[in-house]
Amino acid sequence: METAVQQLQGVPINHYLIFCGLIFAIGVIGVLIRRNVIIMMMSIELMLNAVNLLLAAFSVHHGDASGQVFVFFIMALAAAEVAVGLAIIIMVYRNTKSIDIESLHKLRW
């Protein structure tokens, strides 16, 4: 029975590049097209997860654990980003009764 690392090394790195590129592109499109703040935050999380997956794949491919350490820090950063982002969304919703990004022009001075 093969270990998980040996199974991951059996998949060519090109497959990871294509898959992560597609996930990242879906995230970019979600940020650029959608106007809902929650959808935009989910799209940012998709982009971060695509980068995490690619870093882990390169880490396994090269036999070095530094990519996995970066993944850990990016996951911590993403958790903090979600906490702060949701707090901002809640405050915006309390003031405007909407989470639509177009309604934020009311918050300007």
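1. A residue is called buried under 20% relative accessible area, exposed over 50%, and partly exposed in between, with a 1.4 Å probe and protein chains only. By that criterion, 24% of the 109 residues of the protein chain count as buried. The model is a predicted one, in which local features need pLDDT of at least 70 and side-chain atom pairs count only at pLDDT 80 or more, while totals for chains, interfaces and linings use all residues. Residues are numbered from 1 along each chain as its sequence is written, and side-chain values use heavy atoms, with hydrogens and water left out.

2. The protein chain contains four helices and zero strands, in the order α-α-α-α from the N terminus. Helices (H or I, at least four residues) and strands (E, at least two) are DSSP runs, numbered from the N terminus.

3. The accessible surface of the protein chain is about 7900 Å², and 72% of this belongs to carbon and sulfur atoms; the areas come from the Shrake-Rupley method with a 1.4 Å probe, and for residues only the protein chains shown count as cover. Of the contacts (heavy atoms within 4.5 Å) between residues at least 6 apart in sequence, 53% join residues at least 24 apart.

4. The UniProt record, an unreviewed entry, annotates residues 16-34, 46-63 and 69-93 as "transmembrane region"; such annotations may be inferred rather than shown by experiment. In the model, residues 16-34 are 95% helix and 0% strand, with end C-alpha atoms 27 Å apart. Residues 69-93 are 100% helix and 0% strand, and their end C-alpha atoms lie 36 Å apart.

5. Helix α2 (residues 13-33) includes L32, which is exposed at a relative accessible area of 60%. Together with I29 and I33, L32 makes a nonpolar surface patch of about 330 Å².

6. S59 belongs to helix α3 (residues 37-62) and counts as buried because its relative accessibility is 5%. Neighbours within four places in sequence aside, S59 touches D64, A65, S66, G67 and Q68.

7. The structure holds one aromatic pair. F72 and F73 form this pair, with 5.8 Å centre to centre and 65° between the planes, an edge-to-face arrangement. Rings of Phe, Tyr and Trp (its six-membered ring) pair if their centres lie within 6.5 Å; planes under 30 degrees apart count as stacked, over 60 as edge-to-face and the rest as tilted. F72 is exposed at 56% relative accessibility, and F73 is exposed at 52%.

Technical notes. Patches are made of residues with over 30% relative accessible area and no salt bridge: like charges are joined within 9 Å, nonpolar side chains (Val, Leu, Ile, Met, Phe, Trp, Tyr) within 5 Å. A salt bridge is a side-chain nitrogen of Lys or Arg within 4 Å of a carboxyl oxygen of Asp or Glu.
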